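The points are grouped by topic.

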Amino acid sequence: MDITRQSAGVLVAEMRAGHLRCVQVMEAFAQRIERFNNRVNAIIQLDLPKALEASAAADKARDAGGEMGPLFGLPVAVKDNYDVVGFRTTYGAPALRNNWPEADSLHIARMKAAGAIIVGKTNMPEFAFGEDTDNPLWGRTRNPYCLSRTAGSSSGGSGAALALDLVALADGSDLGGSTRIPASWCNIVGYRPTTGVVPKVPSVAPFDRLHVMGPMARRVDDIRLSLSVICGRDVRSPITAPFGPQEFAAPLTGNLAGIRIAFSVDSAMFRIDSSVTDALTPCADVLSKAGATVTDAAPDVRFLARSQPVFRALCAAEYAGWAVDEHGLELGHLILDLVGQSRRLTGYEIERANMMRVKAWHRMANFFDSYDLVCWPTSSGSPFAPDMPGLKEFDWDTVCISPALDLPSISVPAGFTQDGLPTGLHILGPPGSDRLVLEAAEAIERGLQMWQRNPPNEKLEVASTR
């Protein structure tokens with residue numbers, strides 16, 4: 001068995017059954033980290049000795065007949081905007097390089113209680129704002145499929161770590177595509193759940209519905225497995241999902257019988273590069289074979305993207321405004337500019353953006369009367385080269401619709417462009433349809449099995465020496 005290529009679900013089953021030792025699994029991932037992490041700069045804080053010690057303790061507890069949770073023994077990485085005791089929470093900001101938390105974020109505490117072992121923190125741009133995963137404290141994360149290209153943002157560190165099998169599970173955050181864009185460009189799965197599915201605790205903006213935690217993984221059912229642990233209400237969060245962890249208890253089947261899907265990978269609604277359209281076109285046939293009725297259709301809501309700058313600035317004020325007030329010019333220009341924009345917004349501008357959201361919501365709600373799900377490309381183009389500004393001309397509109405309307409959405413590996421770069425299919429559903437969105441992604445994964453197209457390790461090693 002190639003341990004690091006196995007899904008999280010398979011690894012848990014093997015460790016729980018005693019077919020694999022937890023130390024054996026952790027050592028295999030540790031070797032991958034030591035071999036490849038410095039090529040892409042995905043995990044920027046690492047404590048392998050502590051992780052191996054925890055693995056040995058897990059083996060000892062299992063041998064003694066102790067309880068084994070649903071994430072038993074899994075190596076997990078955490079994005080650097082979430083708190084993990086023993087690691088700094090820097091948000092990619094030099095001003096916070098010595099920020100040591102005293103308690104775990106809620107979803108981390110739940111994962112640890114379920115048996116997960118945290119190996120380190122993954123890279124992100126400063127306060128998760130920016131087109132590229134780069135910051136002055138930790139540097140840039142590179143794309144495993146092409147080291148000169150971006151891994152996406154803002155959860156690019158998690159995306160690259162998963163693509164290279166450095167960990168079995170990871171997490172991200174999503175304001176305007178931060179789990180889904182890196183997933184698309186790293187050939188992994190990134191999920192944005194309905195707000196409240198994973199409570200944000202602690203949070204400086206508990207009533208915010210734009211910035212959510214989202215699991216990231218190499219396989220769709222591993223997303224389901226993660227949600228079965230981290231889902232569930234908490235009294236410290238005022239926003240609660242309409243269901244609990246039981247929604248994700250059973251494995252996914254990929255059966256879409258009776259499901260109506262609007263499929264639009266070449267719609268004029270977005271400016272999609274032809275290489276992406278060509279790569280994703282076969283997905284319609286995969287969904288049909290899974291039992292769905294697939295129709296070429298899309299809701300007319302692209303105009304909502306014009307309000308994204310307003311929502312983004314407001315979210316920056318809620319999410320990072322405290323840091324600007326405390327650290328000022330110690331922070332980067334982007335976060336300073338965004339918080340400054342928020343403070344200059346007028347009530348009229350904010351209300352106009354909200355009315356655009358209301359208009360888009362009514363259109364989308366009417367659309368979901370006829371369709372259960374809608375699919376379009378996660379990204380309009382291939383990952384850009386950060387040092388080549390001309391390659392940054394892609395359309396963020398594809399991913400910013402779901403945060404504004406609180407739609408659960410996923411990017412699932414679905415093809416490669418002619419130049420060998422991965423791209424993802426974006427699947428969206430109405431609020432609360434999280435399980436159905438995952439089932440559709442599972443159907444795509446089973447039909448295409450793009451997860452097998454892992455980065456060519458030898459090519460990565462050669463490229464890194466240039």
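Predicted model: local features only at pLDDT ≥ 70, side-chain atom pairs only at ≥ 80, totals over all residues.

Helix H2 gives way to Asn-41, whose phi is positive, near 60°.

**Helix H2**
- H2 covers residues 22-40, and its 19 residues should span 27 Å at 1.5 Å a residue; the end C-alpha atoms are 26 Å apart, which agrees.
- At Glu-34 the helix bends by about 40°.
- The buried residues of H2 are Cys-22, Val-25, Met-26, Ala-28, Phe-29, Ala-30, Arg-32, Ile-33, Phe-36, Asn-37 and Val-40.
- Residues three or four places apart in an α-helix point the same way, because there are 3.6 residues a turn.

**Helix H3 and Ala-58**
- Ala-58 belongs to helix H3, which runs over residues 48-63.
- Its relative accessible area is 13%, so Ala-58 is buried, the cut-off being under 20%.
- Leaving aside residues up to four places away in sequence, Ala-58 touches Cys-22 and Phe-72.
- Ala-58 and Ala-250 are 192 residues apart along the chain, and their C-alpha atoms are separated by 25 Å.

**Cysteines**
- How many disulfides are there? The count comes to zero, with a disulfide taken as a pair of cysteine sulfur atoms within 2.5 Å.
- Cys-146 is in no disulfide, and the nearest cysteine sulfur, that of Cys-186, lies 12 Å away.
- Is Cys-22 buried or exposed? Cys-22 counts as buried because its relative accessibility is 0%.
- Cys-146 has a relative accessibility of 25% and therefore counts as partly exposed.

**Helix H12**
- H12 takes in residues 347-370; at 1.5 Å a residue its 24 residues should span 34 Å, and the 36 Å between its end C-alpha atoms agrees with this.
- Ala-353, Met-356, Ala-360, Met-364, Phe-367 and Phe-368 are buried in H12.
- What do the buried residues of H12 pack against? Their partners are the strands E11 (260-263), E13 (373-377) and E15 (422-428), together with the helices H10 (308-327) and H13 (397-405).
- Val-358 is also part of H12; its relative accessibility is 37%, so Val-358 counts as partly exposed.
- Between the C-alpha atoms of Val-358 and Thr-281 there are 31 Å, the two residues being 77 apart along the chain.

**Helix H13**
- Nine of the nine residues of H13 are buried, so this helix is largely enclosed by the rest of the structure.
- Those buried residues are Asp-397, Thr-398, Val-399, Cys-400, Ile-401, Ser-402, Pro-403, Ala-404 and Leu-405.

**The chain overall**
- The chain contains 15 helices and 15 strands.
- Its radius of gyration is 21 Å, close to the 23 Å that the globule rule gives for 466 residues, so the chain is as compact as a globular protein of that length.
- Along the principal axes, the C-alpha atoms fill a box of roughly 60 × 55 × 50 Å.
- Of the 466 residues, 61% count as buried.
- Among contacts with a separation of 6 or more, 77% come from residues 24 or more positions apart.

Key:
Residues numbered from 1 in each chain as written. Heavy atoms only, no water. Helix = DSSP H or I, 4+ residues; strand = E, 2+ residues; numbered from the N terminus. Expected span 1.5 Å × (residues − 1). Bend = angle between axes of the 7 residues up to and from the residue. Buried < 20%, exposed > 50% of the residue type's maximum accessible area, 1.4 Å probe, protein only. Rg over C-alpha atoms; globule rule 2.2 N^0.38 Å. Contact = heavy atoms within 4.5 Å.
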